[in-house]
Amino acid sequence: MNTKAEVFNKYLEEKKIEAFQVEEVADDAQNTVVYRSHIVVEGQQLPTLVLLDDSVFSMIRVQISPKARTEENELNVLRLVSEQNMKYKPVKLYFDQTGALILDVCLLTPGKEEKDFSELGDEIYGMFDVLIKFLEENYRGWMKEIW
């Protein structure tokens, strides 16, 4: 397990946070560890990942809506995503290969030793506060455009 994941595991234990299922990615050159959970917005459970690896980056990824981009709405939702990406610095929205609307947050987390990541848990949870507020403010409008 990579150092960031070890530190984050300790943080979760200390804070008694049990919201994640943890999975080490086998045979991964970056020693990726995936933390799976969900964020509830407007009564919907949005699949959420925290991705920690040996790179200088850590990711939070939220699947906002599966199959959100269709032939009928493609131009409108692409405009919507582009406008959101220009407005909000910490989050980037995009569509995956299946048309699902995905939100990514990339955190710069350089370091190699446990002491380098002493604030990692607080940084990730601080970003969750920002994400949840952002989702609550925008989710309904996105769904109107998508459906």
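**Exercise 1. Which residues have the most contacts inside the largest nonpolar core, and how many residues has this core?**

Solution. The model is predicted: local features need pLDDT of at least 70, side-chain atom pairs count only at pLDDT 80 or more, and totals for chains, interfaces and linings use all residues. Residues are numbered from 1 along each chain as its sequence is written, and side-chain values use heavy atoms, with hydrogens and water left out.

Step 1. A nonpolar core is a set of buried Ala, Val, Leu, Ile, Met, Phe, Trp, Tyr and Cys residues joined through side-chain atoms within 4.5 Å. Buried means under 20% relative accessible area, exposed over 50%, and partly exposed in between (1.4 Å probe, protein chains only).

Step 2. The largest such core has 39 residues, and Phe 8, Ile 64 and Leu 103 have the most contacts inside it. At least two residues each come from H1, S2, S3, S4, helix H2 (74-87), strand S5 (92-95), strand S6 (101-108) and H3. H3 gives the largest share, 11 residues.

Step 3. Contact means heavy atoms within 4.5 Å. Apart from neighbours within four places in sequence, Ile 64 is in contact with Leu 46, Leu 93, Leu 101, Leu 103, Leu 135, Tyr 139, Trp 142 and Met 143.

**Exercise 2. State the order of the secondary structure elements and check the radius of gyration of the chain.**

Solution. Step 1. Helices (H or I, at least four residues) and strands (E, at least two) are DSSP runs, numbered from the N terminus. The chain has 3 helices and 6 strands, in the order α-β-β-β-β-α-β-β-α.

Step 2. The radius of gyration is taken over C-alpha atoms, and the globule rule is 2.2 Å times the number of residues to the power 0.38. For 147 residues a compact globule would have a value near 15 Å; the chain has 16 Å, which agrees.

Step 3. The C-alpha trace spans about 50 × 30 × 25 Å along its principal axes. Of the 147 residues, 41% are buried.

**Exercise 3. Describe helix H1, its length and its cover.**

Solution. Step 1. The expected span of a helix is 1.5 Å times one less than its number of residues. The 12 residues of H1 (residues 3-14) should therefore span 16 Å, and the end C-alpha atoms lie 17 Å apart, which agrees.

Step 2. At the start of H1, a side-chain oxygen of Asn 2 comes to within 3.1 Å of the backbone nitrogen of Lys 4. After H1 comes Lys 16, with a positive phi near 55°.

Step 3. Lys 4, Ala 5, Val 7, Phe 8, Asn 9, Tyr 11 and Leu 12 are the buried residues of H1. Their cover includes strand S1 (21-24), strand S2 (33-41), strand S3 (44-52), strand S4 (57-65) and helix H3 (120-146).

Definitions and conventions:
Polar contact = N/O pair within 3.5 Å; in protein donor to acceptor, adjacent residues only side chain to side chain.
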